[in-house]
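Take a walk through this structure, one element at a time. Keep the sequence and the 3D view side by side.

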Amino acid sequence: MSVSVPGMEDAGCLMIFGYNPNASHPIVARRVIKAKEKGAKIIVADPRFIETARIADIYMPINNGCNVAFLNTFANVIVNEGLHDRKFIDEHTTGFDEWWKVIETYTPERTKSITGIEPEMMLRAARMYAKAEPSSILCWGMGVTQHKQNVETVHTLAAIACITHQIGKPNSGLAPVRGQNNVQGACDTGALPNVFPGYQSVVDPAAREKFAKAWGVPVERLSDHEGYKVSNIGHLIEEGKVHAFYNFGEDPLQTEPDTKRLAQQLAGLEIFVCQDIFMTQTTAVADVVLPATSWGEHEGVFTACDRTFQRFEAALPPKGECRHDWDIIADLSTRMGHPINYKNTKEIWDNELRALWPAVYGATYERMEGVGHAQWPIPALDHPGTPDLFLGGQFSTPDKKARLIAHEYERPTEMPDAEYPLILCTVREVGHYSCRSMTGNCSTLSLLAEEPGFVHINPADAEARGIKQDDMVWVFSRRGKIITRAEVDDRINKGTVYMTYQWWIGKCNDLTIHAVDGRSSTPEDKYSACQVELVDDQLWAEQHAHEIYMNMKARMSMEAAPQAAKPDMSQYRSEVA
Amino acid sequence: MNRHIEIEPSRCIACGTCMAACSMGHRRSGLQAQPRLALFQSRNVAAAVTCHHCEEAACVKVCPTDAVTRDADGCVRVDEKNCVGCKLCSIACPYGAIHIGGTPTTGVVGIEYSTPTFVGATSPILQWKIGVYSCAVKCDQCISEPSGKPQCVTYCVTKALRLIEPAAEERK
């Protein structure tokens, strides 16, 4: 994010695009409420009438899969109405003329059939966003990134902020709120196939030299090309390019698209190692399971989506055979011939991050003591940290100018047809976190939402299929068929059904298409074609779903049994005594 | 005016934290785990709704075992050990604030797991499970909490829920 999360409260306008803060990040949703109470205008552009739409000044009911067409039109209206900042464009950006050549043709009248938005509403929203004082923020989430044209959409969002000068000043700019806790941290520390820690390219000779020296290895030992991306792993196994997979804190057989196919592909591995805190569908098929610790059992640093480092402490020691993630990695590396001898996370933080990434040198453990925090860039010990990036229009390009890039709109990969007339969009809900491997074990949360999960369906689509609230339904696509419960929901648009990706029985990823974009390899989770049907025998359906669930639980507990180490009960015994 | 919990719908983000906190708190006290508030969501409104602790409470009047009573502090409470699970209070409540809970016997008396006996769309009042003794569950304003504060109010992330305490003389 170019802005800080607290800064969202002080913006004049929040435009929320393909992002449902209430379900994904209630803590950010709280900021949106406060911003509204402080007088900010709220624009929501989403196919669903999300919670934030209730308090929005303008709610734009866009069609699914129209992102680039919508934003090109939004930009078109801004320029045609003279809402852009010509001075800022001239001084701080490059490429406006080529950019405009593409944008010029996206008039609101022409794109209305794609976006579903009336020209008049487009104009009102463009005016509200471009002219807001003191600043506007563009917030987006997985509704942008999990589409075929995800990078293209981000380019266009960035261009819109630049041409209106709604970036480069306090509490303005771009707020892509990340999908998971510490995704930002994983990227910061180089858990990506193309960069070392601190976004230093693996193909940059200087960076390679620096890391080889720091790690005490010859530079030839460091790979000189970008690695594979996890979303491509299935195909790479099929092509014989990947033989071993070390899967770390992830449940791809729940979260990746077309999981049935992925399960077949994973069977082709020579060795499959999983490191997790609970038995999942993925760890259940692994050759080796390395038991790790949970957030309450280890210490470390998380990075929030707005680049804020927050240190956290362990509340409990590890149990049984469980070990800290860093400890497992260090031990593994040592046994593979490269000794790593850290004693705690502070040593790792100082040696691997602060010493090798100049932008975070000032983020010391002492500074983050207690509830302290540090927001990067923070290059010196006395540096205050950086809530807002690009102040004064100084961008991180060699010439300090933003490059405006435009793209033509392309339709999603799999359009609905007569056989599969509904769009399937995978989303999140507030009740469980991500793949549910953690929160599914919490009895209170299971009481609020439990298997077989839900498919949200518009009342008109439900009625046409004879479906009532809480009925059991089949949902099927070209990839698979699952059983789940209907949630008849008048907040969602007709023609699209929404499912969360966490349910084992109502598993939407048995249905989703595996199509990734060329640049980031992010799956197109927001758009597959499917069909929904009522199950004839409702009581059978209830019993069937229950039986599958119980069998899955039994299987996981059986898989976990050989590794069940006796927990260290000494601390509890003393408590009882 | 009686002591009651108020909701500001424009602040409610439908996160369900109130329900989870309610469930956790009562479970800790050995009471039924079903949350005592419900999340109402329509196209234009989202709000956690719970018992109004009515002056002329219908649930108190219809209870055949006097398990539902009005306490000295004005709060209407269910004595879960005296409830016979007749569900009359739940039917009588004009706000749908009384839920039917119950403790399952699965995992306790040799039954490994339950078998669903009703379809999901069945009204909560008509649902029944083999071996589950049903019990009326409603807001008790967290009287069993050491803090004496309703957990939903304490944990509400946007402060949409508030506890309204009348002045001492008003309560008479």
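Ile483(A) is buried, because 21 other C-beta atoms lie within 10 Å. Buried here means that 20 or more other C-beta atoms lie within 10 Å of the residue's own; 12 or fewer make a residue exposed, anything in between partly exposed, and C-beta atoms are placed from the backbone. This is a predicted model, in which local features need pLDDT of at least 70 and side-chain atom pairs count only at pLDDT 80 or more, while totals for chains, interfaces and linings use all residues. Residues are numbered from 1 along each chain as its sequence is written, and chains are lettered from A and ligands numbered from 1 in the order in which they are written.

Ile483(A) sits in strand 19 (residues 481–488) of chain A. Helices (H or I, at least four residues) and strands (E, at least two) are DSSP runs, numbered from the N terminus. Contact means that the C-beta atoms of two residues, placed from the backbone, lie within 7 Å. Strand 1 of chain A pairs in the parallel sense with strand 5 (residues 136–140) of chain A, over 5 bridges. Two strands pair if DSSP finds at least two bridges between them. In strand 5 of chain A, Cys139(A) stands opposite Ile16(A). Strand 1 of chain A also pairs with strand 2 (residues 41–45) of chain A, in the parallel sense and over 5 bridges. There, Leu14(A) faces Ile42(A).

Another sheet is open. It has 3 strands in the order 9-10-11 (chain A), with parallel pairing. Strand 9 (244–248) and strand 11 (288–291) of chain A stand at the edges with a single partner strand each, so one side of each has no neighbour in the sheet. From one strand to the next, the twist averages 15 degrees. Strand 9 of chain A and strand 10 (residues 271–276) of chain A pair over 5 bridges. Phe245(A) stands opposite Phe272(A) in strand 10 of chain A.

Next come two helices. Helix 4 (residues 67–80) and helix 8 (residues 119–131) of chain A pack at about 70 degrees, with their axes 9 Å apart. Axes are lines fitted to C-alpha atoms, for helices over the stretch in contact, and angles run from 0 to 180 degrees between N-to-C directions. Helix 4 of chain A is therefore roughly perpendicular to helix 8 of chain A, a term that covers angles of 65 to 115 degrees. Thr73(A), Phe74(A), Val77(A) and Ile78(A) of helix 4 meet Met122(A), Leu123(A), Ala126(A) and Ala130(A) of helix 8 of chain A.

Helix 17 (residues 345–354) of chain A has buried residues too: Thr345(A), Trp349(A), Glu352(A) and Leu353(A). They lie on the same side of helix 17 of chain A, because they cover an arc of only 105 degrees around the axis. The arc is that of the directions from the helix axis to the C-beta atoms. Their cover includes strand 12 (300–303) and helix 16 (325–335) of chain A.

Finally, look at where the chains meet. Chain A gives 29 residues to the contact and chain B gives 22 residues. The largest share of chain A's side, 6 residues, comes from helix 20 of chain A.

Terms used: Angles under 35 degrees count as roughly parallel, over 145 as roughly antiparallel, 65 to 115 as roughly perpendicular and the rest as oblique.
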